[in-house]
Amino acid sequence: MYKFIQKMKKALLIIVSLIATANFAQDKPKLVVGIVVDQMKMEYLYRFSNDFSENGFKRLMNQGYTFHNTHYNYMPTYTAPGHASVYTGTTPAVHGIVGNEWFNKATGKEMYCTDDETVSTIGDDSDKEGKMSPRNLQSSTITDELKLSTNFKGKVIGMSIKDRGAILPAGHFADWAFWYSKTGAFISSTYYGEKLPDWATQFNAEKNYLKYVNKGWDLLKPKEAYNESLTDNNPYEGKLYKKAPFMPYNLQDMYDANDAGVLRSTPFGNNLLADFAKKAIESENLGKDNITDFLAVSFSSTDYIGHVLGPRSIELQDTYLRLDETIADFLAYLDKTVGKGSYLVFLTADHAGAENVTYLKDNKYKVDNINYKNIQKELKEFSETTFGENLVLDYSNYNVFIDKNKVKSKGLNLQDVKQVFKDYLQKQDYIKRVYTEEEVANANASDYYLNFVSKGYDPTQNGELVMIFKPGYVEYSSTGTTHGSPYSYDTHVPLIFFGWNIQKGATHDRKEITQIAPTITQMLKITMPNSSDGKVLLEVLEK
Ligand code: ZN
Ligand code: ZN
Ligand code: ZN
């Protein structure tokens with residue numbers, strides 16, 4: 001009897017270990033898919049929940065781990081800094097991507113985050129659109145560290161409608177980054193290779209964008225389903241390519257009057273990107289072997305539509321309902337090609353977005369629109385009346401750049417000049433705080449918003465003064481919306497982990513966006529991005 005039990009025990013152990021190997025043989029995911037949804041507010045996951053399918057956002061939430069309270073921890077909350085911060089695990093003060101474009105103190109000109117004069121476009125004949133690379137990004141990314149740790153065997157591909165949404169996540173060592181050109185092609189630059197891979201050339205030759213242009217854009221669901229939004233054609237919506245803001249949109253007309261770039265500002269920019277992503281997975285064999293690959297996908301159409309039509313338009317809601325279907329379809333594709341549980345997904349956003357200012361004003365909240373050109377003009381006028389000369393080089397991204405050489409040549413004291421501008425700005429109706437560069441350098445934890453400024457401030461690239469507007473004051477037109485502030489309407493974004501090694505769960509504990517990168521690298525058991533402070537999300541690491 002004893003022997004029998006021993007035998008049974010042994011058999012059981014073998015069975016148990018077999019099951020264990022079957023389930024846990026993979027100590028790493030075959031593929032990581034990083035999804036960034038441009039301008040996605042956490043609120044959308046709640047507000048549109050009743051209209052979502054079970055297989056898209058809800059599948060991620062119901063089977064994955066949801067962080068309900070994740071925030072950006074710096075300003076300005078723009079696209080390029082957002083993507084860079086998610087993937088480097090640090091903030092603009094360190095990784096150097098301090099805006100989408102910014103005033104370059106060395107040249108005295110505006111520069112773009114991914115500008116690179118040394119490379120050229122591949123994939124179409126456009127000149128400027130492909131002169132892009134990650135060279136201005138100073139920190140390493142999750143994707144860079146994956147490349148290094150696999151001796152460059154793990155494949156890394158980034159893609160987006162926006163160049164910066166593709167290039168920054170893919171990092172310095174990427175196999176490819178692809179972005180959408182107004183010709184309707186996904187293009188790249190000679191930073192990555194001499195010509196596009198054949199499958200991408202083939203995809204572009206098929207002119208897949210036309211199938212979406214031909215279909216036009218009408219509501220996905222019956223009109224009653226959109227009761228979470230304001231009625232269509234309301235005064236808070238701007239015009240998409242001069243078209244009055246109501247459904248349906250004749251995309252053929254818009255395309256004929258412009259170019260294939262119009263697809264960006266429709267939900268179908270997201271569809272086309274998902275089509276391209278599937279093509280990349282299939283052709284590059286992503287997730288096929290045991291060396292982890294990485295696909296960074298950034299859906300940008302949500303941002304274009306949010307800017308023009310605002311967060312409470314039915315166009316915006318329709319875009320999210322369609323993105324829900326796109327994500328459901330994409331997950332089903334990953335199940336089939338990589339295998340359920342073999343891939344890891346994380347989904348977040350590069351920033352959130354404000355309410356439309358006019359809408360708040362109409363509902364008696366005293367806030368206002370601000371035109372940055374007016375700020376620039378008023379600063380120059382103030383300078384001329386005060387100092388007899390314009391000492392302001394530029395105002396952009398909440399930064400004032402003072403002409404230090406002129407200050408010196410006039411025999412003025414720079415500290416005094418800064419203080420005079422600060423006092424002037426502090427009196428403006430839209431201002432909450434103004435900080436000098438010295439105050440930013442000496443930031444301490446007790447000034448909550450100064451910390452947002454300091455984490456977004458790179459002394460070699462930012463201005464001599466940085467301002468924060470009052471809550472609800474938005475530097476944008478009276479229709480639509482934007483983002484950029486340190487306030488929660490701009491910082492509160494979704495964060496969901498799903499798939500390989502992720503157990504269902506949720507927390508409302510406050511988290512910061514910079515925790516994503518070190519968490520992913522711990523999961524992959526690879527080096528952290530070089531500027532990460534190592535603060536991880538224990539909830540998805542410890543079981
Ligand atoms: Zn963005
Ligand atoms: Zn509308
Ligand atoms: Zn935006």
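1. The zinc ion (ligand 3) sits 4.1 Å from the zinc ion (ligand 1). Keep in mind that this is a predicted model, with local features needing pLDDT of at least 70 and side-chain atom pairs 80 or more, while totals for chains, interfaces and linings use all residues. Residues are numbered from 1 along each chain, chains are lettered from A and ligands numbered from 1 as written, and side-chain values use heavy atoms, without hydrogens or water.

2. What holds the zinc ion (ligand 3) on the protein side? Its donors (N, O or S within 2.8 Å, or 3.2 Å for Na, K and Ca; water isn't among the atoms, so sites may look incomplete) are Asp303 (OD), Asp303 (OD), His307 (NE2) and His483 (NE2), at 2.0 to 2.6 Å. Along the chain, the spacing reads D-x3-H-x175-H.

3. Have a look at helix α7, residues 163–170: 8 of its 8 residues are buried, so the rest of the structure largely encloses it. That run goes from Asp163, Arg164, Gly165 and Ala166 to Ile167, Leu168, Pro169 and Ala170. Among the elements covering them (contact: heavy atoms within 4.5 Å) are α4 (79–88), α6, β4 (109–112) and β9 (293–299).

4. Phe152 lies in the loop between α6 (142–149) and β6 (156–160).

Terms used
Helix = DSSP H or I, 4+ residues; strand = E, 2+ residues; numbered from the N terminus. Buried < 20%, exposed > 50% of the residue type's maximum accessible area, 1.4 Å probe, protein only.
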